[in-house]
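Open the model in your viewer and keep the sequence panel beside it. We will go from stop to stop, with something to select at each one.

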Amino acid sequence: MIRWMIVILLALMLISWFTPLLNKLGFGRLPGDFRFRLFGREWFIPLTTTLLLSAVASLIAKLL
């Protein structure tokens, strides 16, 4: 179980690093991506983007 938690953490870190590039491509503004302000800070939870990118990654892995 700890292995899956590490994989999820790394995937979320990669998505957060590539957020500026993904925003230019239209990701991050999909229905289901949550952006809200709390305690004076803007929070971003990319649920739909994460699901879409993981589906693409799984299709690529399946083809290889």
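Select Phe39 first. Phe39 sits in the loop between strand S1 (33-38) and S2. Helices and strands here are DSSP runs, numbered from the N terminus: helices are H or I with at least four residues, strands are E with at least two. Is Phe39 buried or exposed? Phe39 counts as exposed, at 78% relative accessibility. The classes work like this: buried is under 20% relative accessible area, exposed is over 50%, and partly exposed lies in between (1.4 Å probe, protein chains only). Now check the backbone of Phe39. Its phi is near 60 degrees, a positive value in a residue other than glycine. Most residues other than glycine have a negative phi.

Before moving on, a word on the ground rules. This is a predicted model, where local features need pLDDT of at least 70, side-chain atom pairs count only at pLDDT 80 or more, and totals for chains, interfaces and linings use all residues. Residues are numbered from 1 along each chain as its sequence is written, and side-chain values use heavy atoms, with hydrogens and water left out.

**Salt bridges**

How many salt bridges does the structure hold? The structure holds 2. A salt bridge here is a side-chain nitrogen of Lys or Arg within 4 Å of a carboxyl oxygen of Asp or Glu. Side chains of opposite charge can pair when their charged atoms come close. Arg35 pairs with Glu42, with the closest N and O atoms 3.2 Å apart. Arg37 also meets Glu42 in a salt bridge, at 3.7 Å from N to O. Shared partners join Arg35, Arg37 and Glu42 into one network.

Arg35 is partly exposed, with a relative accessible area of 44%. Glu42 is partly exposed too, at 42%. Arg37 is exposed, at 59%.

**The whole chain**

Zoom out and color by secondary structure. The protein chain has 3 helices and 2 strands. From the N terminus on, the order is α-α-β-β-α. The C-alpha trace spans about 45 × 30 × 20 Å along its principal axes. Of the 64 residues in the protein chain, 12% are buried.

**The nonpolar patch**

Select Met1, Ile2, Met5, Ile6, Leu9, Leu10, Met13, Leu14, Trp17, Phe18, Leu21 and Leu25. These residues form a nonpolar patch on the surface, with about 1300 Å² of accessible area together. Helix H1 (2-17) and H2 are the elements that give two or more residues to the patch. H1 gives the largest share, 8 residues.

Patches are made of residues with over 30% relative accessible area and no salt bridge; like charges are joined within 9 Å, and nonpolar side chains (Val, Leu, Ile, Met, Phe, Trp, Tyr) within 5 Å. Accessible areas come from the Shrake-Rupley method with a 1.4 Å probe, and for residues only the protein chains shown count as cover.

- Met5 is found in helix H1 and is partly exposed, at 48%.
- Met13 is found in helix H1 and is partly exposed, at 32%.
- Leu14 has its place in helix H1 and is partly exposed, at 43%.

Met5 and Leu25 are 20 residues apart in sequence and 28 Å apart in space. Met13 and Arg35 are 22 residues apart in sequence and 17 Å apart in space.

**The cavity**

Last stop. Select Ile15, Thr19, Leu22, Asn23, Phe27, Gly28, Phe44, Pro46 and Thr49. What do they line? They line the largest cavity. Helix H2 (19-25) and strand S2 (41-46) are the elements that give two or more residues to this lining. H2 gives the largest share, 3 residues.

A cavity is a set of points on a 1 Å grid over the protein atoms alone where a 1.4 Å probe fits but cannot get out, and lining residues have an atom within 4 Å of a point. Grid points are joined across faces, edges and corners, and a volume is the space filled by probe spheres set on the points. By this rule there is 1 cavity of 30 Å³ or more. About 40 Å³ of space lies in the largest cavity.

Color the lining by residue class. The lining divides into 5 nonpolar, 4 polar and no charged residues.

Note on methods: On a 1 Å grid over the protein atoms alone, a cavity is a set of points where a 1.4 Å probe fits but cannot get out, and a pocket is an open set with protein on both sides within 12 Å along at least five of seven lines; lining residues have an atom within 4 Å of a point. Ala, Val, Leu, Ile, Met, Phe, Trp, Tyr, Cys and Pro count as nonpolar, Asp, Glu, Lys and Arg as charged, and the others, Gly among them, as polar.
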